[in-house]
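Welcome! Take a moment to look over the sequence and the 3D view, and then let us walk through them together.

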Amino acid sequence: MIDIKSLYEDELKEEMKKWGEPAFRGGQIYQWLHAGVKSFDEMTNISKKLREKLVESCYISSATIEKKLISDYDGTRKYLLSFRDGEKVESVLMQYHHGYTSCISTQVGCKMGCTFCATGMSGFSRNLTASEMIAQLQTEQEDNGIRISNIVLMGMGEPLDNFDHVIRFLHLVSSENGMNIGMRHISLSTCGLVPRIYDLAELKLQLTLSVSLHAPNDRIRSRTMPVNRVYGIDELLKACRYYAKATGRRISFEYAMIDGVNDSDACAQELADRLKGMLSHVNLIPVNSVKGTGYQKSKRDRIRSFIAVLEKAGITATVRRTLGSDINASCGQLKRSSEREDP
Ligand code: SAH
Ligand code: SF4
């Protein structure tokens, strides 16, 4: 069976030509798929005969809502979604003043094993296809009657460990006849798979690259993020510098503040020294304490002091606004359940 929603528009046109159809038929089908139809029968400008042929050899990826949690504070919605093989991921829809942002998953689980992360603790099952990433967005749009304007690849999974499907998704979702969400409205977060950062730089996409740093040195980082034992901080920051230069885009560094682990003034100074002279921004996130990790978020005064050290060194930093904190909606720790459920 062909995963038809993962095909590029020109691939779909080629496929139609192979079927003895005019190429523009592929364009029509492409538009239907990305408008969110769930069956070929809804494609009213396609002949019944062709629709029957499509049903026989292709499937349309969709996501089924298994659970939905809505934050009392800010309306953030967390979804547990399932795909055709029953695998489940979570996605989060957030509303900001400029529109809706969706935080989607790129894999079922994750191989990277970060010690503070709920996804990392639950192991890896499989990669998502491009169409399954699109289906997450379409399901949220349909369920809320809204248009999503921004996407962050910060849900379950390591996007650069599923490189080809993720790149395909980025091209599909930003295509004019697709959902048409511009690359400038998309952020991709990585734990630091160095060779893939170079690969991404070559593509010169205008998306925002977020790098999950979470520590100022190899000693701390290798303890919390096993990937650091393969690609250390020097190597990672070299790749980041290359990326910023190649794309002209500022890199955003994520730094989860963990009480007593990475939040001292000395850590802040070390971080500032490392990032000096680089096109960057630091996002500080009080860590979400996930059961079983033993980590607690840093105290408010500690965070303030940490920022002061960074700012004094000329590094811009902000504390990320955490939406949906009552429903554990923070991406990357999506697997925990909450007491409030929407039927
Ligand atoms: N695998 C990618 C993207 C998904 S995780 C990555 O690691 O970057 C998205 C973000 O959530 C990452 O910055 C990750 O480090 C962070 N994260 C994971 N668990 C967290 C937790 N318990 N508290 C705060 N941030 C967390
Ligand atoms: Fe994977 Fe990102 Fe979680 Fe690390 S933080 S285990 S890379 S999802």
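## Around ligand 2

Let us begin with a ligand and its surroundings. Around ligand 2 sit Cys 110, Met 112, Gly 113, Cys 114, Cys 117, Gly 120, Gly 157, Glu 158 and Cys 191. Sorted by class, this shell has five nonpolar residues, three polar ones and one charged one. Please keep in mind as you read on that this is a predicted model.

## Two domains

How is the protein chain divided into domains? The domain assignment gives domain 1, covering residues 2-59, and domain 2, covering residues 64-341. Taken over C-alpha atoms, the centres of domain 1 and domain 2 are separated by 34 Å. The two are in contact: 15 residues of domain 1 meet 15 residues of domain 2.

## The nonpolar cores

The largest nonpolar core has 99 residues. Those with the most contacts inside this core are Ile 4, Ile 29, Ile 151, Phe 169, Leu 170, Phe 253 and Val 282. Why does the core lie between the two domains? Both domain 1 (2-59) and domain 2 (64-341) give residues to it, so it lies between them. Apart from this core lies another one, of five residues, including Val 92, Met 94, Cys 103 and Val 152.

Val 282 is worth a visit of its own. Leaving aside neighbours within four places in sequence, Val 282 is in contact with Phe 253, Tyr 255, Leu 271, Leu 275, Leu 310, Ile 315, Thr 316, Ala 317 and Thr 318.

## Helix 1 and its two sides

Which residues of helix 1 are buried? In this helix, which spans residues 9-18, they are Glu 9, Leu 12, Glu 15 and Met 16. These residues lie on the same side of helix 1 because they cover an arc of only 120° around the axis. On the other side of helix 1, Asp 10 and Lys 18 are exposed.

Now see what lies over the buried residues. Their cover includes strand 1 (2-3), helix 2 (23-35) and helix 3 (48-57). Just after helix 1 comes Gly 20, with a positive phi of about 80°.

## Buried residues in strands

Strand 4, residues 77-82, holds Leu 81. Leu 81 has a relative accessible area of 0%, so it is buried. Leu 81 and Ile 233 are 152 residues apart in sequence, and their C-alpha atoms are 35 Å apart in space.

Next, find Ser 102 in strand 6, which runs over residues 99-103. Is Ser 102 buried or exposed? With 0% relative accessibility, Ser 102 counts as buried. Beyond neighbours within four places in sequence, Ser 102 is in contact with Val 92, Leu 93, Leu 137, Glu 140, Ile 148, Asn 150, Ile 151 and Val 152. Pro 286 belongs to strand 13, residues 280-286. Because its relative accessibility is 17%, and buried means under 20%, Pro 286 counts as buried. Setting aside residues up to four places away in sequence, Pro 286 touches Met 257, Lys 297, Ile 303 and Val 319. The C-alpha atoms of Pro 286 and Lys 297 are separated by 5.1 Å, with the two residues 11 apart along the chain.

Where does Cys 267 lie? Its place is in helix 10, residues 265-275. At 7% relative accessibility, Cys 267 counts as buried. Neighbours within four places in sequence aside, Cys 267 is in contact with Pro 216, Ile 220, Tyr 255, Asn 262 and Phe 306. Gly 232 is 35 residues from Cys 267 along the chain, and 17 Å separate their C-alpha atoms.

## Positive phi in two loops

To finish, visit two loop residues. Asn 180 is found in the loop between helix 6 (163-174) and strand 10 (186-190). Its phi is near 60°, a positive value in a residue other than glycine. Asn 180 is partly exposed, with a relative accessible area of 46%.

Lys 204 sits in the loop between helix 7 (194-203) and strand 11 (208-212). Lys 204 is a residue other than glycine with a positive phi, near 50°. At 46% relative accessibility, Lys 204 counts as partly exposed.

Definitions and conventions
Residues numbered from 1 in each chain as written. Chains lettered and ligands numbered in written order. Predicted model: local features only at pLDDT ≥ 70, side-chain atom pairs only at ≥ 80, totals over all residues. Heavy atoms only, no water. Near = heavy atom within 4 Å. Nonpolar A, V, L, I, M, F, W, Y, C, P; charged D, E, K, R; others polar. Buried < 20%, exposed > 50% of the residue type's maximum accessible area, 1.4 Å probe, protein only. Helix = DSSP H or I, 4+ residues; strand = E, 2+ residues; numbered from the N terminus. Arc of directions from axis to C-beta. Contact = heavy atoms within 4.5 Å. Core = buried A, V, L, I, M, F, W, Y, C linked by side-chain atoms within 4.5 Å. Domains from an automatic or database assignment.
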